[in-house]
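The sequence and the structure come first, followed by the description.

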Amino acid sequence: QLQLVESGGGMVQTGGSLRLSCSVAGGSFEDLAIGWFRQAPGSERPGIACITRSDRRIDYVNSVSDRITVSRDPAKNAVYLQMSDLKAEDTGDYYCAAEVLPAHVQRICIPPQPIYWGHWGQGTQVTVSS
């Protein structure tokens, strides 16, 4: 059973930085695409970015592309979302999700809609305040 655990959330001031972690256990990490999602209060849970099994980053939201870094560490079965220049609108619960990506799929990732992702963490809360 694949298990994902997010960590690293908290309260940060506007303009600050934060690194979220997603630890993966119980599955074959190298076969997985990992996606990051943000859910603001009362809103849906759109995807932010995906990192493929071949370490290719796919951005789902262009407005944050220059403020995020997504990386994966196979040695630790972990994926990270580094966010900088944080804004109030970045506030929300952040989730990582996983889905198996076929080995021959190199240039694209799982679609950003949550329905396409089968495995989820419990989320970590990020609050950006001025």
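In this predicted model, Arg 45 lies over the face of Trp 120, at 5.0 Å from the ring centre. The charged end of Arg 45 also sits over the ring of Tyr 95, 3.5 Å from its centre. Both rings belong to a cluster in which ring pairs link Phe 37, Tyr 95, Trp 117 and Trp 120.

A search of the whole structure gives three aromatic pairs.

| Pair | Geometry | Centre to centre | Angle between planes |
|---|---|---|---|
| Phe 37 and Trp 117 | edge-to-face | 5.6 Å | 80° |
| Phe 37 and Trp 120 | tilted | 4.7 Å | 55° |

Phe 37 is in strand β4 and Trp 117 is in the loop between β9 and β10, so this pair ties together parts 80 residues apart in sequence. Trp 120 is in strand β10, so its pair with Phe 37, in strand β4, ties together parts that are 83 residues apart. Phe 37 and Trp 117 are both buried; for Phe 37 the relative accessible area is 0%. Trp 120 is partly exposed, at a relative accessible area of 25%.

The largest nonpolar core has 26 residues, and Ile 34, Leu 81 and Met 83 have the most contacts inside it. Two or more residues each come from β3, β4 (32–39), β5, β7 (68–73), β8 (78–83), β9 and β11 (124–129). Strand β3 gives the largest share, four residues. Not counting residues up to four places away in sequence, Leu 81 touches a set that includes Leu 18, Trp 36, Ile 48, Ile 68, Val 70 and Tyr 94. Apart from this core lies another, of twelve residues, among them Phe 37, Tyr 60, Ala 97 and Leu 101.

Two disulfides are found in a search of the whole structure. One is formed by Cys 22 and Cys 96, with the sulfur atoms 2.1 Å apart. This link is right-handed, with 75° about the S-S bond. Cys 22 is in strand β3 (residues 18–25) and Cys 96 in strand β9 (residues 92–100), so the pair links distant parts of the chain, 74 residues apart. Both Cys 22 and Cys 96 are buried.

The other disulfide joins Cys 50 to Cys 109, at an S to S distance of 1.7 Å. The torsion about the S-S bond of Cys 50 and Cys 109 is about 45°, so the disulfide is right-handed. Cys 50 lies in strand β5 (residues 47–51) and Cys 109 in the loop between β9 and β10 (119–120), 59 residues apart. Cys 50 and Cys 109 are both buried. With the bonded cysteines numbered in sequence order, the pairing is 1-3, 2-4.

Methods. Residues numbered from 1 in each chain as written. Predicted model: local features only at pLDDT ≥ 70, side-chain atom pairs only at ≥ 80, totals over all residues. Heavy atoms only, no water. Disulfide = S-S within 2.5 Å. Buried < 20%, exposed > 50% of the residue type's maximum accessible area, 1.4 Å probe, protein only. Core = buried A, V, L, I, M, F, W, Y, C linked by side-chain atoms within 4.5 Å. Contact = heavy atoms within 4.5 Å. Phe/Tyr/Trp six-rings, centres within 6.5 Å; stacked < 30°, edge-to-face > 60°. Lys NZ or Arg CZ within 6 Å of the ring centre and 35° of its normal.
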